[in-house]
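Student: I am new to this one. Could you pick a single part, look at it closely with me, and then show me what surrounds it?

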Amino acid sequence: MENRKYYQPEFETMPVEDIKKLQSEKLIKQVKHVYENVPFYRARMDEKGVKPEDIKGIEDLYKLPFVEKSDLRDNYPYGMLAKPLADCVRIQSTSGTTGKRVIAYYTQYDIDLWEDCCARALVAAGADKEDVVQVSYGYGLFTGGPGLNGGSHKVGCLTLPMSSGNTERQLQFMTDLKATVLCCTPSYAAYLGESLKEMGYTPETIPLKAGIFGAEPWTSENRRQLEATLGIKAYDIYGLTEISGPGVSFECAEQGGMHINEDHFVAEIINPETGEPLPEGEKGELVFTCLDKEAFPMLRYRTRDICVLSRKPCSCGRTFIRMSKPMGRSDDMMIIRGVNVFPSQIEAVLLKEGYTPNYQIKLSRVNNNDTFDVFVELPPEQFDDSVKSISAKEASLRDAMRNMLGIGPAIHLVPPKTITRSEGKAVRIIDERKLHD
Amino acid sequence: MAIRQLSVFLENKKGSLSEITNLLAEAKVDLRSMCIAETSNYGIVRIIANDPAKALEILIASGFAAQIRPVTAFAVPDQPGGLAQVLEILEENGINIEYMYALVTTIADKAYAVMRTDDEEKTEAVLAKNNIELLDEKNV
């Protein structure tokens, strides 16, 4: 039997006019829901002089205020909740810009719609009931593992909940159980590919046929290499915890941008400086509105990802608008081994641990793995003249960073005033990775 | 009894050591002994000088991370196994050595060393009790 083409064709191939109508109906309800249940939204809308009845359809979306990541921090932990906790069944979490992480809440309805989105991505990548899906994204607070895991269940695939790490076991399960679809970060996929090659596998003998790779930037050159090494077709997937997780948009076999699940999310492109909406086809910051998420519905959430939208018809038959790969950020967030890291988080740790915020971050890539080094100036009064004591300080700073960031950088303490300053301003980030085309 | 040692935290790169020796030369500080511990990123230079307080002041004023700390200077018994004997005494008394290096002095015919241990006071007491000759700054 031939694999199905769509997971939910009634939405995925819905005529654009009908999608807009559906979006309008859902938006009107959503705005009323958040105005009545979330004091934050009510206050922001009142401030802007917008009432729920002013929103008559998605053409009125621009009237609503933006939500920024800092708003989530300011309203931590329950301030953005739009449903009673008793109706929530799960949290997921992502990094905040400083100490507090973002906590996203899900009702069962929210989980279902998120998993549907992931199921659509899997089917678009050619997965069906007969397939064996190896999910090698991290499981836990990170949305990667749970999202694709749920999507894979919905499609009816045999799901291997591998989580990340333990490469030897990953490869054993992949080859013994003949995994056909691999879901992980593109850098981990490349690492698995190199390991398989060393073990004597060729693209023909590797059982995989498709890969769904996301959570970090990758280039078309990365895609070409992954497809050649693993003997697969490599699909991009996009998402963020604030909006639900992976599957907000996904690639089809056309590989020409990611279809946004428009029955659940409305995308806008704005000028990041002025906040003004830009017409389709122009490059700007991506903003999402959740149309029917219940517990944690973001309205006009600024993703800080820079990209382009296209309504051009796609040969796959899906009518959902497509977004380009993010081409950069309108803030200073870094994505390191799939983890979002803000320089402000690093500064917060340094100040807390008694250091000055004189530091430099160096990112590179060795064997498809991100290296993450932080050089920190040692305050003169903290100097003690043994290598042992300096190594101990480096280790304890690394632990403090790991607690805050979720990944531990290699810390290098350096003498005061040795971190390069250009034109009096410190260069904070040196990124030697090639992340974008 | 202990002598004062000056230490400086340095970048492991060309010219950083001479920057220090130049500063100290200008200030007419006389260096007696020096040892460098290095890693791939940084070095710690340890100096025995005639006027460590002045040297520290100059280095701090120039923005270096530097410190003065007491270290034990002692005469190594001039016979085979002389150093081994000292180390054995320390070990028996549960004293750990952080580092040790040779001390150059103007006293002829004798070998001297400097060390930092995890307990300077106890080190000196133990060595004195075992008739190991200790130096103070006047002898250096």
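Tutor: Let's begin with a term: helices (H or I, at least four residues) and strands (E, at least two) are DSSP runs, numbered from the N terminus. This is a predicted model, where local features need pLDDT of at least 70, side-chain atom pairs count only at pLDDT 80 or more, and totals for chains, interfaces and linings use all residues. Residues are numbered from 1 along each chain as its sequence is written, chains are lettered from A and ligands numbered from 1 in the order in which they are written, and side-chain values use heavy atoms, leaving out hydrogens and water.

Our part is the place where chain A and chain B meet. Here 19 residues of chain A are in contact (heavy atoms within 4.5 Å) with 21 residues of chain B. About 1,500 Å² is buried between chain A and chain B, 58% of it from carbon and sulfur atoms; buried area is the accessible area (1.4 Å probe) that two parts lose on being put together, summed over both. On the chain A side, Phe383(A), Asp385(A) and Pro415(A) lose the most area to chain B, and together they make up 41% of what that side buries.

Charged pairs cross over too: there are five salt bridges between chain A and chain B. A salt bridge here is a side-chain nitrogen of Lys or Arg within 4 Å of a carboxyl oxygen of Asp or Glu. One of them pairs Asp384(A) with Arg116(B), with the closest N and O atoms 3.3 Å apart. Buried means under 20% relative accessible area, exposed over 50%, and partly exposed in between (1.4 Å probe, protein chains only). Through shared partners, salt bridges link Asp384(A), Asp385(A), Arg46(B), Arg69(B), Arg116(B) and Glu120(B) into one network.

Arg69(B) also leads us into chain B, as one of the residues touched by Ile3(B), a list that includes Val114(B) and Glu137(B) as well. Ile3(B) belongs to strand 1 (residues 3-11) of chain B and is buried, with a relative accessible area of 1%. The C-alpha atoms of Ile3(B) and Glu137(B) are separated by 5.4 Å, although the two are 134 residues apart along the chain.

For contrast, look at Ile97(B), in strand 5 (residues 97-103) of chain B. Its relative accessibility is 34%, so Ile97(B) counts as partly exposed.

Finally, step back to the whole model, which holds 37 salt bridges over all chains. Another of them joins Lys26(A) and Asp292(A), whose closest N and O atoms are 2.6 Å apart. Lys26(A) lies in helix 2 (residues 16-37) of chain A and Asp292(A) in the loop between strand 11 (284-290) and strand 12 (301-307) of chain A, so the pair ties together parts that are 266 residues apart in sequence. Both Lys26(A) and Asp292(A) are buried.

Key:
Lists of a residue's contacts leave out its neighbours within four places in sequence.
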